[in-house]
Amino acid sequence: MTDRIEVAATELRPLLEEFIMWARVNAPDSDPELVGPAALWHRLAFSPDPGTWKRADLRNLLLDRMPEVVEDPDAAADGMLPAVDAYLTFLSQTGRLTKRSDSLADLQAELDDVEDEFVELMDELVEDGDDADGDGADGEEETGDLGDFEPFADELADLDTIRLRPDSELAAAARQAPLIAKARDLALWVGSGRQVGEDTLLSDAEVEEALAVVGLPRPEADGPIAEVVPQLWNIWNLAVDLEFLEPGEGNTVAVQDDTAEWPFDDDEDVLDAWMLGLHSVDYGDPELPDDDLTMALAGLTRGVLVRLLLAGGSRDLDELARELSEAAAELDEELGADAWEAAGDPLTPAVDWLVGYGMVEVEGRALKLTPLGTEGVVHLVDDADIEVDARPAIESMSAHELLALSAELPEEEADAEFAAWMRLREPGKAAEELLEAAAEDESDALIRVQAASVVGTLGEAALPAWQAALKQPSLRPYAATHLSQLKVEGAPEPTQDDTHWLILDMWTISAGLGRSEFVSSLQDIGPEMVTELLEVIWKIPHAHVEELLDLISQVHPDKQIAKAARRALFKARSV
């Protein structure tokens with residue numbers, strides 16, 4: 001899917017499934033399920049290669065990212081570091097920890113170094129969660145702000161399918177975002193190792209220079225200019241979010257090496273950067289001299305976004321302003337209306353920031369989500385753990401995206417997606433694309449089975465694709481089977497090894513569904529057949545054969561079969 005988190009999660013799934021199987025034997029005291037968020041955010045924020053880990057990235061991941069995304073901080077405090085330790089050990093022992101990584105010993109030393117701080121952060125999240133779930137300090141129930149998506153959860157779930165645009169189109173739009181260019185220019189002006197103050201980051205003279213760099217006017221001020229330039233500090237904070245600026249030692253801050261290269265050439269790099277700055281939408285909230293009044297309008301910019309999404313992407317600005325002013329007054333009966341009046345036109349800073357970040361556009365008195373804005377608000381909704389049906393546009397969906405998406409959908413919906421996708425292609429071309437996608441990752445049995453199933457419905461139009469697939473070891477069993485069914489002259493007959501490969505694929509899929517489903521699938525074929533298979537199936541060079549044999553030895557209720565699986569596993573490891 002074009003939503004980057006969903007794409008990364010899909011790509012990581014086979015590796016994490018293999019790790020879970022490995023951990024059952026090699027790290028039984030760890031909770032491998034806790035590794036998922038850490039592995040995902042490592043992939044998104046630090047390295048596209050899941051096997052490249054650095055000490056600094058590990059520290060930033062655990063202390064900066066995890067507190068923002070972890071769902072159960074209590075469980076994370078107890079088990080995440082041991083689980084990550086087990087995961088890194090798994091990567092090392094299976095040869096997946098790349099040469100570009102720091103050593104396993106160094107990574108484990110970093111885990112020891114951050115342990116106390118990580119546990120403290122998780123404990124703080126637990127305490128904050130307790131406060132949010134209960135009453136406030138004065139015995140009053142805590143409420144959300146104007147940007148709380150939870151009140152709209154049912155409406156969001158009921159929305160029609162949202163079609164997201166392709167990465168190339170989104171990246172092109174992100175490259176044009178004025179705020180990112182301003183953040184880049186500010187970071188380049190900061191330079192390398194600029195000293196900053198403790199009370200105000202910059203002197204008045206530096207503030208005037210910085211304002212000129214980002215194109216903001218110099219305000220009239222009786223006191224220090226730094227106190228009356230909130231827009232400048234918002235751009236400064238955005239530069240930090242985008243990782244254009246990084247704090248250094250001794251009250252210094254420095255530009256990062258690749259900042260001058262923005263807008264980047266690679267679409268993925270562009271969208272990764274844009275996503276890093278997505279939460280800057282909060283900087284669009286109006287800032288008032290009175291902190292209490294400012295807090296009464298907190299979340300206004302997110303409130304704009306969710307209402308645009310619910311309205312199909314467009315709202316009249318005047319109607320939107322009235323709705324939000326009523327929401328502010330209702331949310332804070334004491335200060336909401338006063339805050340709205342004191343701000344004068346509180347919607348303007350919110351809209352200006354969203355326009356600057358490429359998320360909305362103004363046409364007359366209408367405010368509209370851009371495709372980039374739709375992508376962003378869907379991501380924010382997902383961050384809030386609220387369901388919304390968002391999918392790539394059919395015309396831009398790759399075969400691999402289609403297969404990954406269909407794995408998450410009910411059968412009827414998946415069939416409809418396949419039908420719509422194939423209406424845009426000749427059957428032979430569709431077959432070629434699907435089988436090529438299935439061959440991308442030999443360890444992904446589910447994608448392979450889905451592709452073979454769909455291509456199998458295309459009849460003789462798929463013959464060239466099936467014949468090409470004979471050259472791919474992971475697809476040969478499917479190709480030989482279908483060519484045989486189509487009675488193609490000269491086609492190879494399926495071998496016993498082909499049959500065993502198909503069985504291993506099905507076992508891999510059922511193992512991914514959980515222990516009970518896996519045991520049930522074994523019992524369905526009977527103990528005699530399982531025993532016969534264990535005598536020969538260990539010879540098949542399947543990506544998951546060792547994990548599956550190991551799992552059978554642990555979970556099968558028949559002790560003789562479990563013992564046979566252990567013998568087969570020993571043989572497989574000895575090959």
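A: Helix α8 lies across β2, β3 and β4 and runs at about 120° to β4, where axes are lines fitted to C-alpha atoms, for helices over the stretch in contact, and angles run from 0 to 180 degrees between N-to-C directions. Helices (H or I, at least four residues) and strands (E, at least two) are DSSP runs, numbered from the N terminus. This is a predicted model, in which local features need pLDDT of at least 70 and side-chain atom pairs count only at pLDDT 80 or more, while totals for chains, interfaces and linings use all residues. Residues are numbered from 1 along each chain as its sequence is written, and side-chain values use heavy atoms, leaving out hydrogens and water.

Q: In what order do the strands of the open sheet stand?

A: Strands of a sheet pair through backbone hydrogen bonds, either parallel or antiparallel. Here the order is β2-β4-β3, with antiparallel pairing, and two strands count as paired if DSSP finds at least two bridges between them. The edge strands, each pairing on one side only, are β2 (194-195) and β3 (245-247). Within β4, Val253 stands opposite Arg194.

Q: Is Leu186 buried or exposed?

A: Nonpolar side chains tend to be buried together in soluble globular proteins. Leu186, found in helix α8 (residues 178-190), counts as buried because its relative accessibility is 0%; buried means under 20% relative accessible area, exposed over 50%, and partly exposed in between (1.4 Å probe, protein chains only).

Q: Which residues does Leu186 touch, not counting residues up to four places away in sequence?

A: Contact means heavy atoms within 4.5 Å. Leu186 touches Ala210, Val213, Val214, Leu232, Ile235 and Trp236.
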